[in-house]
Amino acid sequence: MMIEQAKMQSLADRMVQDDVKGRSPWADARKRFFRNKAAIVGLPLLVLVVLFALFGEFFAVWSNEELDFAVMGQVAQMGAPSIENGHYFGTDDLGRDLFSRTVQGTQISMMVGVVGAAIAMIVGTLYGAAAGFIGGRVDQIMMRLVDILMSIPYMFVLILMLVMFGRSIGMLFLGIGMISWLEMSRIVRGQTLSLKNREFIEAARATGVPGWKIITRHIVPNLLGVVAVYATLLVPLMILTESFISFLGLGIQEPLTSLGALISEGADTITYGTIWQLAFPLFFFVITLFAFFFIGDGLRDALDPKDR
Amino acid sequence: MTRPLLNVRDLRVTFHLRREGDWPWTPPRNLHAVSGVDFSLNPGETLGIVGESGCGKSTLARALIGLVPAEGQAEWIDGKDLIGLSPGKMMKYRNDIQMIFQDPLASLNPRMTVGQIIAEPLITHNPRLKRPEVKERVKAIMEKVGLLPNQINRYPHEFSGGQCQRIGIARALIVEPKLIICDEPVSALDVSIQAQVINLLIRLQKEFGLALIFIAHDLSVVKHISDRVMVLYLGKVMETATTAELYSAPLHPYTQALLSAVPVPDPTHDMAASIVPLAGDLPSPFAPPSGCVFRTRCPRATGKCAAETPVPSGDSHQIACHFPGPLTEEEIAAARRIEAA
């Protein structure tokens, strides 16, 4: 025979000896994700925005609090973006460097989005999974509570909270976190109900695996796909909510700023011809949202290929 | 005589169902999924349970393992009644009773590797076991059920249906149980794979001295694997006998009708001529017929069948029928006429 016997034999031995590395559902999903064109555009965009938010201040010549007295009073003529005086993105109406303000605004907006989505993910998943798994009366009570909370006009409550307890960033996180998990818990509960009657859950119950272990070991890992997708789509929604609140002037307070607040300021001064004050924050706002939505869509297609 | 491994007396499972939109004070409708089942199972024996869809086969299995609440008695070999045990006390017996499920892929968690799946009962019952030892035992059991031990890190979706069922069997076997309840373990597989899995089960049963409760609707599969067979209809036992006796001389009219419908692998055989038709459909389990539950479809039913519930009688061959015996030609002909009309 032409085939080398020894080589074939060693190959056969190896095939029996070594533990084969399995291809996990996550690995499959990763492959599908990287085939999605929009997602592979969104991912580097998001990475760039994150890098900008984290390291942007090292490139800034001016801090976000300093007033440039040379520019003040004639922002429309002198405050335009320029490399020479160090205002890469120009200055705002008071002569503050817009570059470092945009860096700071992006940081805050990202943080609001990520913290809001994280609260939604943790609270919503555990609440929904517990309600769905326990079922019966407990489920009824837990979900009616969610219904009641959802029926409250949250924007109204959020604005009232900010007015009553003072406009702090902590209060904003609390308010956004409190409303964000409701939708998530409903989605998770629905998924849990369909998982609960699958045979592998029954097999675990038959062998005596305790309830909380069934939730953490069998139900939550099977929910993570849906949760991850929803969380990535939730981040931009949180950013939008925060921007809206800030646009109303109730969110982040000076000297802190957020993209929403910057856009609001930029919109106010647009009649004076300082278009850059709107353009730069808006640009970062839009690409952040685009990147998150693209990635969320990509994740959804990758994780539930059936539900397209 | 040796003590039976499991002695079930008057096992009943009732589901209290509420319709969507019922008021909270509306009394729920009761569905008697299993009503008054008796049987005993010796160590190392196989009991086949057959019946139509919805006759309570799977519910019976789930009641024994404590997945659905049941009433009655199920005495284990050590004299303990398994029904109504607290979850903590039941834990000790879950080690001894394992289950194999119908859908091989659905019974495996898609996010866990085969090794994790098979090890789960072992870790649950022996939490102190060291990781290398667990892996060693998982690999040993994989070899026993005909899987390559090096595939321990693979995921369920990378296996075929037959292989998945082997994984399910390995998971049941790893805690060295005394009884395995097989809930239609082969009905989702195609015929050649069915034979492999059945023969594997028979081999493992001999090797480990397992008792099996084998639930199926395929009568020829049950015939191949069982020592004794129990026929269920609408949650009640119709007939229990040794396999040879039941298949050669069925005495309950329902068993006869059921057996006559078994396909014969012979193209010249005229099925229509041998089949005993049953009139009508399965009655609603919400309102089972009075007396004998089979009377509405029985070609031999009389007034007595409606008035009195037949009690299973006989020693090794138990029949719950007032008028047992082979159906006569006239009775079969009469049944055909009703069917044609």
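Analyst: This is a predicted model. Chain B averages a pLDDT of 87, and 100% of the residues score at least 70.

User: Why is chain A called more spread out than a compact globule?

Analyst: The globule rule gives 19 Å for 308 residues, whereas the radius of gyration of chain A is 25 Å; this is well over the rule, so chain A is more spread out than a compact globule. Along the principal axes, the C-alpha atoms of chain A fill a box of roughly 85 × 70 × 30 Å.

User: Which secondary structure does chain A contain?

Analyst: Chain A has twelve helices and zero strands. A helix is counted from a DSSP run of at least four residues.

User: What makes a residue of chain A count as buried, and how much of the chain is buried?

Analyst: A residue is buried if 20 or more other C-beta atoms lie within 10 Å of its own. Buried residues make up 40% of the 308 residues in chain A.

User: How do you know which residues touch B:I213?

Analyst: Two residues are in contact if their C-beta atoms lie within 7 Å. Leaving out residues up to four places away in sequence, B:I213 touches B:L41, B:L47, B:I49, B:A61, B:L179, B:I181 and B:C182. In the largest nonpolar core, which has 158 residues, B:I213 is also among the residues that touch the most other members, together with B:M99, B:I118, B:A170 and B:I181. Helix α5 (residues 98-134) of chain A gives the most to this core, with 15 residues.

User: How many residues of chain A are in contact with chain B, and what kinds of residue are they?

Analyst: There are 24 residues of chain A in contact with 26 residues of chain B. On the side of chain A that touches chain B, α1 (5-17), α9 (199-206) and α10 (211-247) each supply at least two residues. The most come from α9(A), with seven residues. The residues of this side divide into nine nonpolar, seven polar and eight charged.

Note on methods
Residues numbered from 1 in each chain as written. Chains lettered and ligands numbered in written order. Predicted model: local features only at pLDDT ≥ 70, side-chain atom pairs only at ≥ 80, totals over all residues. Core = buried A, V, L, I, M, F, W, Y, C linked by C-beta atoms within 7 Å. Buried ≥ 20, exposed ≤ 12 C-beta atoms within 10 Å, placed from the backbone. Nonpolar A, V, L, I, M, F, W, Y, C, P; charged D, E, K, R; others polar. pLDDT = per-residue confidence, 0-100. Rg over C-alpha atoms; globule rule 2.2 N^0.38 Å.
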